[in-house]
Amino acid sequence: MTTELNPLGNHLSYALAAAHRSVTQALTVRLKKHGIQIEAWRVMECLDAGTKLSMGELAKQALLNPPALSKLVDRMVSDGLVHRQIATADQRQINLLLTNLGRRRMLQVRQDVEDEDRALAEQFDTNDGALLIQLLSQLS
């Protein structure tokens, strides 16, 4: 990216947005064959970690705003990927759990996500990928 071609090219915020767009497009293509959106994959990965999360906590970890998460969860319930369970500690809260179908689909999707991660990592020198993760984590 040079400023001659794009005056935004010297801005870090633009470079991050452009990289995000590129990665999102590539991952979307891989996940489309599973009928899964990137956001649904993030939700399933969070749920597979085994920690019971409130909807608010899940929204934060999956990088979604709560209303978007609610709509997504409704679709995931309809698709049989997750089910809702009333929390035992606080019956006002709802926990989500992967169904058996959700777990199988998540394992298939995870393989494609890992393949995409490897393809991304191949664009960097050996240690640069880990450094990039570390640097980006500092921003969030």
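**A short tour of the chain**

The model is predicted, so local features need pLDDT of at least 70 and side-chain atom pairs count only at pLDDT 80 or more, while totals for chains, interfaces and linings use all residues. Residues are numbered from 1 along each chain as its sequence is written, and side-chain values use heavy atoms, with hydrogens and water left out.

Colour by secondary structure. Along the principal axes, the C-alpha atoms fill a box of roughly 55 × 30 × 25 Å.

**Stop one: two helices**

Select residues 38-48, helix α2, and residues 66-78, helix α4. Their axes lie 11 Å apart, at an angle of about 80°. Axes are lines fitted to C-alpha atoms, for helices over the stretch in contact, and angles run from 0 to 180 degrees between N-to-C directions. That makes α2 roughly perpendicular to α4 (65 to 115 degrees).

Now show side chains. Glu39, Ala40, Val43 and Met44 of α2 meet Leu69, Leu72 and Met76 of α4. Contact here means heavy atoms within 4.5 Å.

**Stop two: a surface patch**

Select Leu12, Leu16, Phe124, Leu132, Leu136 and Leu139. They make a nonpolar surface patch of about 530 Å². Patch residues have over 30% relative accessible area and no salt bridge, with nonpolar side chains joined within 5 Å. Areas come from the Shrake-Rupley method with a 1.4 Å probe. Which element gives the largest share of the patch? Helix α6, with 3 residues. Leucine 12 sits in helix α1.

**Stop three: a salt bridge**

Select glutamate 116 and arginine 30. They form a salt bridge, with the closest N and O atoms 2.5 Å apart. The term means a side-chain nitrogen of Lys or Arg within 4 Å of a carboxyl oxygen of Asp or Glu. Glutamate 116 is in helix α5, arginine 30 in helix α1, 86 residues apart. The whole structure has 8 salt bridges.

Technical notes
Helix = DSSP H or I, 4+ residues; strand = E, 2+ residues; numbered from the N terminus. Parallel < 35°, antiparallel > 145°, perpendicular 65-115°, else oblique. Patch = residues over 30% accessible without salt bridge, like charges linked within 9 Å, V, L, I, M, F, W, Y side chains within 5 Å.
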